[in-house]
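Student: I am new to this structure and would like to go through it slowly with you. Could we look at it together, one question at a time?

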Amino acid sequence: MTELTAPAALLRDLIQCPSVTPTEGGALGVLNARLEALGFEVHRVIFSDDGTPDVENLYARLGTEAPHLCFAGHTDVVPPGDEEAWSFGPFEGEVRDGMMYGRGAVDMKGGISCFLTAVEALLAVGPLPGSISFLITGDEEGPAINGTDKLLQWVAARGDIIDACILGEPTNPNALGDAIKIGRRGSVSGKITVQGTQGHAAYPHLADNPVPRLMRLLDALLTKPLDEGTDAFQPTNLEVTSIDVGNPSVNVIPAAATAHFNVRFNDVWTAETLMAELIRRLDEGAQVPPHRGSNQPTRYNIEWRDRPSHVFRTQNDALIDAVRGSVEAVTGRVPDISTGGGTSDARYIKDYAPVVEFGLVGQTMHQVDERVELADLDTLTAIYKRMIMDWFTAQQTHGG
């Protein structure tokens, strides 16, 4: 049987906690015990909201003085899917051929395990020159209503000021050291509903088909690029994600047609200016009649879905240099400085502290047989150890 190093042993303990959102599953309990043993003041905080499940979160801090470095992450995981399709049980933490298998191995119980064992190793040598904390949610993979956003508000209400934050999401596409993320695009989602008049498909003059009208509106959104991208971000992209008329019959013209879309946008826009531009395009498209039928303008309604995520880019040199320099020193790789990918809880953290994301390789996240190389766990732990000390040293040298 393979003898596990410290981060791998902790990761196995966490994988064996079936913490599918919003279930805590014992994962926070594992962290609670380890952090209290190190002298952290640990808080388990439950948040509630209408229409969403209660979620338990954890905040733990060691030290009361500045500078204050925070590690953020989540112990909740997505469902395993068909467990029979897994090579090993998704909540077993089985090790084979230098890999540990299990749901959350890379997203992101592995990152948490590495950072905590890095802190344990540093504290075994001596105290840190400031404060360090863990901000861990159980609601990142779910609605994200009762998690990091509310926990940050709770931390701020206590009077805690975070000077910098590392988010341990799996940022590397192929190999450890490929990329660190210093920002994220914003996200806006909407639902367009076009009203028509139901009728018989054989008598279209007695009806008003909303489908070609909806096609005109989508064409108005998609034909012209929203922008060409910026130095820091790729071009804004709009994707139509569903079109539906709810029509069970092929000989009935439907009364209404809907489309859902999502836009990932760069720093050319704010959420508000982007939404205004989309409405302008829809209004323009509504004036264009369909290829046949009524010449009346299209009647449509737009409903903005969920809460917009705002674009951001961290420009804190001390934090970026500490992460980038540590990656180079330990791996020999020069990481890309990235703002790509989807959203993460960094969208909340950036309102409280500069944040950089760095974690494991994300190739198998959310997949059957999610797994991590044991060697990567040791390497990431070494990166985190160096990064923590480099950041504190920079704060002492430059005064923050």
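Student: Which helices and strands each supply at least two residues of the lining of the largest pocket?

Tutor: This is a predicted model, in which local features need pLDDT of at least 70 and side-chain atom pairs count only at pLDDT 80 or more, while totals for chains, interfaces and linings use all residues. Residues are numbered from 1 along each chain as its sequence is written, and side-chain values use heavy atoms, with hydrogens and water left out. Helices (H or I, at least four residues) and strands (E, at least two) are DSSP runs, numbered from the N terminus. Those that each supply at least two lining residues are β10 (186-195), β14 (256-265), β15 (299-309) and α8 (346-349).

Student: Which element gives the most to the lining of the largest pocket?

Tutor: On a 1 Å grid over the protein atoms alone, a pocket is an open set of points where a 1.4 Å probe fits, with protein on both sides within 12 Å along at least five of seven lines, and its lining residues have an atom within 4 Å of a point. The greatest contribution to this lining, 5 residues, comes from β15.

Student: How many residues of strand β6 are buried?

Tutor: Buried means under 20% relative accessible area, with a 1.4 Å probe and protein chains only. Ser131, Ser133, Leu135 and Thr137 point one way from β6, whereas Ile132, Phe134 and Ile136 point the other way, and all are buried. For β6 (residues 131-137), the count is therefore 7 of its 7 residues.

Student: Which residue stands opposite Leu135 in β6?

Tutor: Two strands pair if DSSP finds at least two bridges between them, and 5 bridges join β2 (residues 52-62) to β6, the two running antiparallel. Opposite Leu135 stands Tyr59.

Note on methods:
Buried means under 20% relative accessible area, exposed over 50%, partly exposed in between (1.4 Å probe, protein chains only).
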